[in-house]
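This report describes a two-chain model in plain terms.

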Amino acid sequence: MSEVTLRMLFDVDTDAIGRRADGWLRMAGSIDDACEELIRVSRDLEHVWPDGPAAEAAAARGHDLRSEASNAYPPCRRIGDALRLHADTLRGLQGRVQGIAAEASGRGFSVDVTTGTVTAPSRMFTESGSPQIVAQQIAAYVNEFRAILAQAAESDASTADAISVNLPDATAGFGTLGLPPVDEATLRDQQGRTPKEVNGWWRTLTPEQQEQAIRDFPELVGWLDGVPSTDRDVANRLVLTTRMDALRSDADAHARRLADLLMNDPRNRFEIQRETEAMNAAQSQLDKLAEVDKALQRLGPPGLLLGVDGSGDGRVVIAVGDPDTALHTGVWVPGLGTTMEGNTVDNVKRMQTVNAATDLYLDQPGQVSTVYWLGYDAPDLNNFSVVGEGRSEQGGPSYLHFMEGLRATHDTGPSHLVAMGHSYGSTVVAEAALTGRLPVDDIMVQGSPGMHTDHASDLMADPRHVWAGSAGNDPVSETSNVTKYTQLVPIAGPFIGDAYDDGHGVSPHEAAFGANQYVVDTSGHTHYWEQDSESVNNQARVLVGQYSRVGTVHGSPPPDVVP
Amino acid sequence: MMLVTALAVAGCDGGKDDVETKTIDDAKAVVQARAESVAGQLGGVLTRPSLLDAPCTGRRGESGGDGVYFIQGGYQVALPAAEHVATAARVRDEWKAAGWTITDNRTIGTTAILAATTPDEFKVHLESTVQGSALALLVYSPCYGSPSGGNHAAWQ
């Protein structure tokens, strides 16, 4: 386009440009997948066939092939991104032209989009009493059109530039020179950036660089919000297996040393105690990671490990289904007493239950992702951490960051994202939502003791998108029950009950809170995920955006998400 | 500490009832047969089948971890959206005539939701899919005891 005209802008088929963008991005994705496969199957060649001229030649050819294939990915992706941006820009400009033309026509002007001229009927000059004002209005419209055309021309030029600079060289192709490896400092720098910025950076890396970063720094990549879920999964599984192997070895070494001491130096109590403690510590951490491994084994291919850390009380994030491609994603925070070693399998099952119920509502399988997020230190059963806000205040920012990461890594299609929390986990969701930056479409909680505010509108701009379920005999969400139980505790009971109630605010299922209370037909605090229940069906209906189907006790559900 | 203990144990005071003994495979076959029967009533065939076993829980939510389980059968039955409401109404009448207890019966536009419990304690749930090209069908068996005892875990 040497000179863009209104007619040209008007006639541009932005959908066609969008389809071409999708094509380039699909190709980039295929190159990425092929590179990962190539790297995976060829990385050990030099170890199993190390010597001789043929081995050296094969290694060199393998290196060149990996580099060249890998180098093809970023330019392909950049062309796709440029075309996508161009299509969106032109679509927006077309809308503005139509809007201005409609406004001008409504005020009696004639707009010729072929020539870009705006004219006024002669009567307008005579009737207005001020021909100069009419002329100024015409000039204003024309200037607006010119500005739009300038933007279209700029978009056209930058897109053309992006295409030309990213095409392969006619003789050298994309080259066989590998780009420099990603170092630890660069990765640590990413931790201070927004997930969107991290995602943008990650996409500039070649598959070879991404694979190297995952291989060399899996702990850093595995928790880096903004890195695509499938890459995080590879990194975290590497962390899991490496750490479990090391812990097994560690525990075995201490066990052998302990046996030796008991056999040969039984009076050395200090060493015996030291070895016993060290062995138990290794075994304890191993037990936590073994639970994660067990949950992943049960899940099979739909499972993605988005975070794992066995140190301290442990943190783990497991997705059932890929949140980067899912149409509907829910990220659930567990509550009181949740531990990595004690609850991971059961809580992942809950996510499977909700996932399976939601999946059946959709014509195509595999469009739902439900994520188990234990990215915070849940309150313990053996102290009073549950009555305070400290744990949720710590967890809220991490949860917010994770959710921003999912928005950044999701592909270009539609994405309905739901924040979910149970019990104390709902207060973590609340802390993230109260920042006003939680990028979700709905908030849904069960058995919540309160969400640190008195009204749902503090959590979502449209409180119709806040949902709360509570079993009638749930002692946590039904705060009157808490008081009933705490009254049984001598002396401190009433104080604890008040502290618990006051600490978290009104339960969100109460009508005064302004959220929708969905129907729960299960019993107690921990059974909201029984398969044959309306408790699960209603969670699935919210997750899939079919609000009109949700059974409600009170509230005003918003319009359904259009499929 | 007493507070959290009280919270932790609340709602778990049930026990195991006597249930029919059946292997998981036999129980799955029973659910499959029931689903096929419902699909026949709907005038379609079952697609996207998934049969899962899961531990039963008692009326108060207690876990039946001692070998008491149920089967969940999930399916879709292709049916044009325009036929969902009428088909659900017809099937509802057939279920009533067969002595089933209707537990949910709603229509929202072209969306149909129908659920029932059978005299032999199966639960059946029908609901239009979001795009409307099919009815989702869920069939839950009553609880069975495993001949071999032991714990049951779903999704293995």
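## Helix packing and cores

Helix 13 of chain A makes a right-handed crossing with helix 18 of chain A; right-handed here stands for the near helix being turned clockwise from the far one by less than a right angle, and left-handed for anticlockwise. The model is predicted: local features need pLDDT of at least 70, side-chain atom pairs count only at pLDDT 80 or more, and totals for chains, interfaces and linings use all residues. Residues are numbered from 1 along each chain as its sequence is written, with chains lettered from A and ligands numbered from 1 in the order in which they are written.

Helix 13 spans residues 340–359 of chain A and helix 18 spans residues 534–543 of chain A; their axes come within 9 Å and cross at roughly 65°. The axes are lines fitted to C-alpha atoms over the stretch in contact, and angles run from 0 to 180 degrees between N-to-C directions. From helix 13 of chain A, A:Thr353, A:Val354, A:Ala357 and A:Thr358 meet A:Val536, A:Asn537, A:Gln539, A:Ala540 and A:Leu543 of helix 18 of chain A. A contact requires C-beta atoms, placed from the backbone, within 7 Å. By class, this contact has 5 nonpolar, 4 polar and no charged residues.

Helices (H or I, at least four residues) and strands (E, at least two) are DSSP runs, numbered from the N terminus. A residue is buried if 20 or more other C-beta atoms lie within 10 Å of its own, exposed if 12 or fewer, and partly exposed in between.

Chain A is divided into domain 1 (6–166) and domain 2 (292–554), with bounds from an automatic or database domain assignment. The C-alpha centres of these two domains of chain A lie 40 Å apart.

A nonpolar core is a set of buried Ala, Val, Leu, Ile, Met, Phe, Trp, Tyr and Cys residues joined through C-beta atoms within 7 Å. The largest has 131 residues, and those with the most contacts inside it include A:Trp373, A:Met403 and B:Leu137. Apart from it lies another core, of 30 residues, among them A:Val4 and A:Ala72. Not counting residues up to four places away in sequence, A:Met403 touches A:Val331, A:Leu417, A:Ala419, A:Ala432, A:Leu438, A:Pro439 and A:Val440.

Terms used:
Two residues are in contact if their C-beta atoms, placed from the backbone, lie within 7 Å. Ala, Val, Leu, Ile, Met, Phe, Trp, Tyr, Cys and Pro count as nonpolar, Asp, Glu, Lys and Arg as charged, and the others, Gly among them, as polar.
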